[in-house]
Amino acid sequence: MNLIILGAPGSGKGTSATVLREKYSLAHISTGDIFRSNIKNGTPLGLEAKSYMDKGALVPDSLTVSMVEDRLSQDDCKSGYILDGFPRTIAQAEALEEMLAKKGDKIDAVLSIIVDDEIIKDRVSSRRVCEKCGASFNVRFKPTKVEGVCDLCGGNVIQRADDNEETVAARLETYYKNTQPLIDFYDKKGLIVEGNNNVDADKCIADIESGLKTKGII
């Protein structure tokens with residue numbers, strides 16, 4: 001089962017991806033992780049990407065696709081994967097489609113996580129993150145056992161500077177502008193499966209699994 005997951009900042013996309021990854025033994029592939037891994041390990045692709053980033057230039061789609069292709073060739077992807085953060089544009093979606101077709105492979109479904117904007121703003125403004133390990137908490141829905149202290153590693157738990165309603169509103173506007181064409185692209189192909197996360201992750205996963213069953217994917 002090969003999936004793409006799309007969701008606005010604060011939509012709970014990461015939580016949904018984690019649940020699906022564990023339940024269906026899928027590789028959760030974040031393009032941010034791919035970039036960091038290639039750069040850290042000094043791979044030819046990583047060095048080339050770094051040369052663009054050091055100049056403040058965008059990494060070309062062709063290079064990003066090459067890194068994704070390399071990642072998908074690894075053993076943990078053989079039983080399926082969830083692509084998170086890629087594709088971001090129609091051009092990248094078309095390049096991914098072409099790359100997979102050459103391997104006789106394809107994307108089975110594109111998961112679109114739906115959450116009302118006001119709920120996202122409320123959730124994000126109460127979100128807290130561990131400075132040390134990056135674990136995420138929420139003062140309203142998932143507080144730490146000891147205020148300001150990470151349950152997992154004991155690090156300091158803080159509110160990120162950009163986790164405020166004004167910044168979130170701007171990020172949502174950018175997300176919809178960039179992502180709606182992508183959703184339309186995949187909807188025309190009959191690949192979209194929606195998960196409503198207005199209530200909680202369980203409802204969202206139930207929606208997704210229902211959609212995947214309807215399409216005969218699970």
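The legends below describe close-up views of a predicted model.

Local features are given for pLDDT of at least 70 and side-chain atom pairs for pLDDT 80 or more, while totals for chains, interfaces and linings use all residues of this predicted model. Residues are numbered from 1 along each chain as its sequence is written, and side-chain values use heavy atoms, with hydrogens and water left out.

**View 1. The largest pocket and its lining.** The largest pocket holds about 1900 Å³ of space. Its lining comprises 49 residues, and those closest to the centre are Pro-9, Gly-10, Lys-13, Gly-14 and Arg-127. A pocket is an open set of points, on a 1 Å grid over the protein atoms alone, where a 1.4 Å probe fits, with protein on both sides within 12 Å along at least five of seven lines; lining residues have an atom within 4 Å of a point. The volume is the space filled by probe spheres set on the points, which are joined across faces, edges and corners. Elements giving two or more residues to this lining include strand S1 (2-7), helix H1 (13-24), helix H6 (117-125), strand S5 (127-130) and helix H7 (165-188). Helices (H or I, at least four residues) and strands (E, at least two) are DSSP runs, numbered from the N terminus. H7 gives the most to the lining, with six residues. By residue class, the lining of the largest pocket has 19 nonpolar, 20 polar and 10 charged members. Here Ala, Val, Leu, Ile, Met, Phe, Trp, Tyr, Cys and Pro count as nonpolar, Asp, Glu, Lys and Arg as charged, and the others, Gly among them, as polar.

**View 2. The second largest pocket.** This pocket has a volume of about 230 Å³. It is lined by Gly-14, Thr-18, Arg-21, His-28, Ser-30, Gly-32, Asp-33, Arg-36 and Asp-84. At least two lining residues come from each of H1, strand S2 (27-30) and H2. The lining of the second largest pocket contains no nonpolar residues, five polar and four charged.

View 3. Arg-21 and Glu-22 are joined by a salt bridge between their side chains, at 3.1 Å from N to O. A salt bridge is a side-chain nitrogen of Lys or Arg within 4 Å of a carboxyl oxygen of Asp or Glu. Arg-21 is partly exposed at 30% relative accessibility, and Glu-22 is exposed at 55%. Buried means under 20% relative accessible area, exposed over 50%, and partly exposed in between (1.4 Å probe, protein chains only). A further salt bridge, 2.8 Å from N to O, is formed by the side chains of Glu-209 and Lys-23. That pair links distant parts of the chain, with Glu-209 in helix H8 (residues 201-214) and Lys-23 in helix H1, 186 residues apart. Glu-209 is buried, at 12% relative accessibility.

**View 4. Salt bridges elsewhere.** The whole structure contains 19 salt bridges. One of them connects Lys-102 with Glu-98, whose closest N and O atoms are 3.9 Å apart. Both residues belong to helix H5 (residues 90-102) and are four residues apart, about one turn of the helix. Lys-102 is exposed, with a relative accessibility of 69%. A network of salt bridges links Arg-127, Arg-160, Asp-162, Asp-163 and Arg-171.

**View 5. Aromatic pairs.** Rings of Phe, Tyr and Trp (its six-membered ring) pair if their centres lie within 6.5 Å; planes under 30 degrees apart count as stacked, over 60 as edge-to-face and the rest as tilted. This rule gives two aromatic pairs. Tyr-175 and Tyr-176 have ring centres 5.5 Å apart and planes at 65°, so they are edge-to-face. Tyr-175 is buried at 15% relative accessible area, whereas Tyr-176 is partly exposed at 33%. Phe-185 and Tyr-186 are also edge-to-face, because their planes stand at 80°, with the ring centres 5.0 Å apart. Phe-185 is buried with a relative accessible area of 14%, and Tyr-186 is buried with 3% relative accessibility.

**View 6. Lysines over aromatic rings.** The charged end of Lys-55 sits over the ring of Tyr-52, at 5.5 Å from the ring centre. Lys-142 lies over the face of Phe-137, 5.5 Å from the centre of that ring. A charge sits over a ring if NZ of Lys or CZ of Arg is within 6 Å of the ring centre and within 35 degrees of the ring normal.
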